[in-house]
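Me: I would like to go through the labels attached to this model and ask what each one rests on. Please set each value against its cut-off.

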Amino acid sequence: MKIFGDYLRELREEQNLPLRKVAAFLDIDTSVLSKIERGERQASKENVIRIAEFFSLNQQELLNDFFGESIAK
């Protein structure tokens, strides 16, 4: 099982996107996004939905993975 923050970082880096661009789309501070990627802070459900939108991912699958990880913790 891949950690959500690691997955998010991989998505962002694959597209050569800076933290600030993704954070701006999510309407959160860059430091908050950095903490989410490092696993020091948990994303909100709204953040996960916006991440799916930003990266053109299946929203329900991403939410399932996210909540599955949350339950496992």
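**Labels and their cut-offs**

Me: Why is Glu37 called buried?
Reply: Its relative accessible area is 3%, and buried means under 20%, exposed over 50% and partly exposed in between (1.4 Å probe, protein chains only). Glu37 is therefore buried.

Me: What kind of model is this, and how are residues numbered?
Reply: It is a predicted model, in which local features need pLDDT of at least 70, side-chain atom pairs count only at pLDDT 80 or more, and totals for chains, interfaces and linings use all residues. Residues are numbered from 1 along each chain as its sequence is written, and side-chain values use heavy atoms, with hydrogens and water left out.

Me: What is the confidence of the chain?
Reply: The mean pLDDT (the predictor's confidence in each residue, from 0 to 100) is 92, and 96% of the residues score at least 70. Helix H5 (residues 59-72) has the lowest mean, 85, and helix H2 (residues 19-26) the highest, 97. Helices here are DSSP runs of H or I with at least four residues, numbered from the N terminus.

Me: What makes the contact between Glu37 and Arg9 a salt bridge?
Reply: A salt bridge requires a side-chain nitrogen of Lys or Arg within 4 Å of a carboxyl oxygen of Asp or Glu. For Glu37 and Arg9 the N to O distance is 3.4 Å. The two residues are 28 apart in the chain, Glu37 in helix H3 and Arg9 in helix H1 (residues 4-14). At 26% relative accessibility, Arg9 is partly exposed.

Me: How do you know that Arg50 and Glu53 form a salt bridge?
Reply: Their closest N and O atoms are 3.8 Å apart. Both residues lie in helix H4 (residues 45-54), 3 residues apart, about one turn of the helix. Arg50 at 31% is partly exposed, and Glu53 at 49% is also partly exposed.

Me: Which label does Glu40 get, buried or exposed?
Reply: Glu40 has 52% relative accessibility and so counts as exposed. Its salt bridge partner is Arg38, with the closest N and O atoms 2.8 Å apart.

Me: Why are H2 and H3 called roughly perpendicular?
Reply: The axes of H2 and helix H3 (residues 30-38) cross at roughly 105 degrees and come within 8 Å. Angles of 65 to 115 degrees count as roughly perpendicular, under 35 as roughly parallel, over 145 as roughly antiparallel and the rest as oblique. H2 and H3 are therefore roughly perpendicular to each other.

Definitions and conventions: Axes fitted to C-alpha atoms, helices over the stretch in contact; angles between N-to-C directions.
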